[in-house]
Amino acid sequence: MQVLKFGGSSVANADNIIKVTELVRQAIKKDRTVLIVSALGGVTDMLIQAGQTAAAGDESYKEKLQEIERRHLDTVKALLPITRQSATLSLVKTRCNEIEDICSGIFLLGELSARSQDKIVSYGELLSSLIIAASFSIAGVASVWKDSREVITTDSRFGHAAVDFKRTNQQILDFILANPESPLFIFPGFVAADEKGITTTLGRGGSDYTAAILAAAVDAKVLEIWTDVSGMMTADPRLVSNVKLIPHISYQEAMELSHFGAKVIYPPTIQPVMKKHIPVWIKNTFAPTDPGTVIEREAIPNGGSIRGISSISDIALLSLEGSGMVGIPGFSKRLFEALSSQHINVILITQGSSEHSICVGVDESNARQAKEAVDEAFQPEIKGGTLEPLIIESSLAVVALVGEHMKSHPGVSGKMFGALGRNGVNVRAIAQGSSERNISAVIAAADVKKAINVLHEEFFETSYRQLNLFITGTGNVGRRLIDQLRQQQPYLLEQLRIQLRVVGLANSRKFVFNNDGLDLDHWKEALDGGEPMDLAKWVEGITSRNLRNTVFADVTANADVASIYGALLQKSISVVACNKIACSSPYGYYRQLKEQAREYNARFLFETNVGAGLPVIGSLNDLLRSGDKVHRIEAVLSGTLNFVFNNYNGERLFTEVVRQAQEEGYTEPDPRLDLSGTDVMRKIMILAREAGEKIEMEDIENRTFMPESCMKGSVEDFYKAMKTEEEHFKALYESAAKEGRKLKFVARFDKGKASVGLQHIDPSQDMYHLYGKDNVVLFYTDRYAEQPLVIKGAGAGAEVTASGVFADILRTVNN
């Protein structure tokens, strides 16, 4: 014998019931079949609402009942031939009249008891099962309909009644044996009755439980639960877009997942079939050929330690703390007795070895009731000051990893909490049973989606890792960066398994978000249609999205943007800065950002602050991390100034060469930052700081070559002033040229002192052979004492700078 159960979505309307009928017809060709059905989808909620509305004295309950009646009548009319409808229509009308009589009494009393509610909601399954039985009769399939209340006996705890299995099993067997020729038995799910025959229910989702009770009683070969999903998934598909099917799972794993919120199967369902080793198949009514999930005694290994991830929302954490608990037996017993007296279910328990505190997780709706009960139970200790009143933390959730093989795979907990920590998910409490079948963590409810996605990516995702990027700045470098990202997106996905999405974009005028990722072929149109730029709203939009693996890229030169890094790092959002302002700010702010990145498990990367795309800062950090010590740094750090002095020979005006540099994208928006030496000062300061020196801008000597007259007024005034000072610039060039040397603007850090200035470089020096916009950095260290480590290459230009930012973005993936 086999047992098939169909849920509310499977029998929601006539079309779906026809599908069910065909599936059952195929099933009874293989074996005698017990069929259990839920109410038509949504009807149970409608019945509860009708009862509650009546109890509130609101006559609109009649409209809800009319809607319920109309829906069932319409289903009958769509399902059965006109000539065969009358008996079933009459049956539906009779049952609906009974519901109306009950609600009328509730309306007059102004009270809805648990017993009355059980009576009302039982009609959902009774009506659906009678309609479905009629459809089988019309189809010529012999069947026997049986009211489950006549065979399943429970206690009188209305709403969540406990089954008397000894009596129930015998009643089910007696009924089946009394009908030896019937190929099909039809039962309404969810409903039962106590010893007096009063209607009870088995809890929401109880139709699964009804099926398991019947399967165990008849020793079925298999229990099939048909729903609207193709089995149990590695996570909730409403939260994770790329979930995977769990083809095989053990009874214990299925119970853990269902306990921690997996909606596919009702938690108590497993117990009856587990005792009889009856396999349970989860199948999809609307995709019957999909393999589904089989729940069995020993599941086939899936190659990993984790079978699935689940979560429960709306949790409150109750903490009982105090020195009076230490070494005193019985405190836990009293706590759980107080909760039990109020019928409060404990979802999670954790206690420190110090015995100074014990925490339990409960449904948030029970928190206040729990506090009153516990504070009353421990009133003497609270008054005596040895215990604190019960502490409630709300707006929490539980996430759980479930897997039978965790006990044989060390490091699962570390991997779990490491992944959560890197994404800024704070864990409030932890619980793990000695069976090591699940690890549970209490987190903020707002973090659930991110946490589930992070864990799913960590334990199940072999196809790709998602990186969510917010970019500020769409100037020369920003545009090139977006172009490079667009070009490389397919390569990153195929070769590096990184799904890089730009989910936010901003410039000085507008900002735009797209949680699914902006189309980088049309980013300009999207940004033009965005909101007016407001830095506070931009930051709020980034942090409130709470996405996993989030990176903020600043490709501006804006001080206000640099000021928000701390707020982002505190949310575990990595920051990639092309903008030099933060790292060249007062040392305290620079140090604070570095420490925040470390504290909040984020990355703060700024390779392009020095040398554009050259690996200058990364190489310096590698030297220091490997134990080397930097003694001296000499460098040409301005691609702009190198370009200018490589192209100026006194034949063209100096101002014309500078303008060319600006037009070709080598200068800062205000070229005076480059020519004054300020930009070079920032860069050598950043290198000195990275080498471990506490240094400020005023500590750096700047031997500027620019006349004071050139540094006043606007940028255009600057160009005009340079023209009038042409003789000064020509003299600088000629003084070096007559010695056979070149002019280079050199930065130097030596023994804690830093300086920048124009120097005459002879042909024997590395700096002499710099062309175009090249930079060069020479590190003199313990290991590179005589012959320095030399890093040389293009040190300016939007394309190479964008590539450096891109490289930093990818480095955050390996945080």
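## Terms and model

A residue is called buried when its relative accessible area is under 20%, exposed when it is over 50%, and partly exposed in between, using a 1.4 Å probe and protein chains only. By this rule Phe175, with a relative accessible area of 12%, is buried.

The model is predicted, so local features need pLDDT of at least 70 and side-chain atom pairs count only at pLDDT 80 or more, while totals for chains, interfaces and linings use all residues. Residues are numbered from 1 along each chain as its sequence is written, and side-chain values use heavy atoms, with hydrogens and water left out.

## Nonpolar cores

A nonpolar core is a set of buried Ala, Val, Leu, Ile, Met, Phe, Trp, Tyr and Cys residues joined through side-chain atoms within 4.5 Å. The largest one here has 79 residues, of which Phe552, Tyr565, Phe604, Phe654, Leu687, Phe705 and Met722 touch the most other members. Its largest share, seven residues, is supplied by helix H25 (residues 678–690), where helices (H or I, at least four residues) and strands (E, at least two) are DSSP runs numbered from the N terminus.

Another core, of 49 residues, lies apart from the largest one and includes Phe6, Leu73, Val121 and Tyr123.

## A pair of helices

Helix H4 (residues 86–109) packs against helix H5 (residues 114–138) at an angle of about 175°, with the axes 10 Å apart; axes are lines fitted to C-alpha atoms, for helices over the stretch in contact, and angles run from 0 to 180 degrees between N-to-C directions. H4 is therefore roughly antiparallel to H5, given that angles under 35 degrees count as roughly parallel, over 145 as roughly antiparallel, 65 to 115 as roughly perpendicular and the rest as oblique.

## Aromatic pairs

Rings of Phe, Tyr and Trp (its six-membered ring) pair if their centres lie within 6.5 Å, and planes under 30 degrees apart count as stacked, over 60 as edge-to-face and the rest as tilted. The structure holds 22 such aromatic pairs. In one of them, the ring centres of Phe175 and Phe187 are 5.8 Å apart and the planes stand at 80°, so the pair is edge-to-face. Because Phe175 lies in helix H6 (residues 165–177) and Phe187 in strand E5 (residues 184–188), this pair ties together parts that are 12 residues apart in sequence. Phe187 is also buried, at 1% relative accessibility.

Phe718 and Tyr719 form a tilted pair, with 5.2 Å from centre to centre and 55° between the planes. Phe718 is buried at a relative accessible area of 0%, and Tyr719 counts as buried at 4%.
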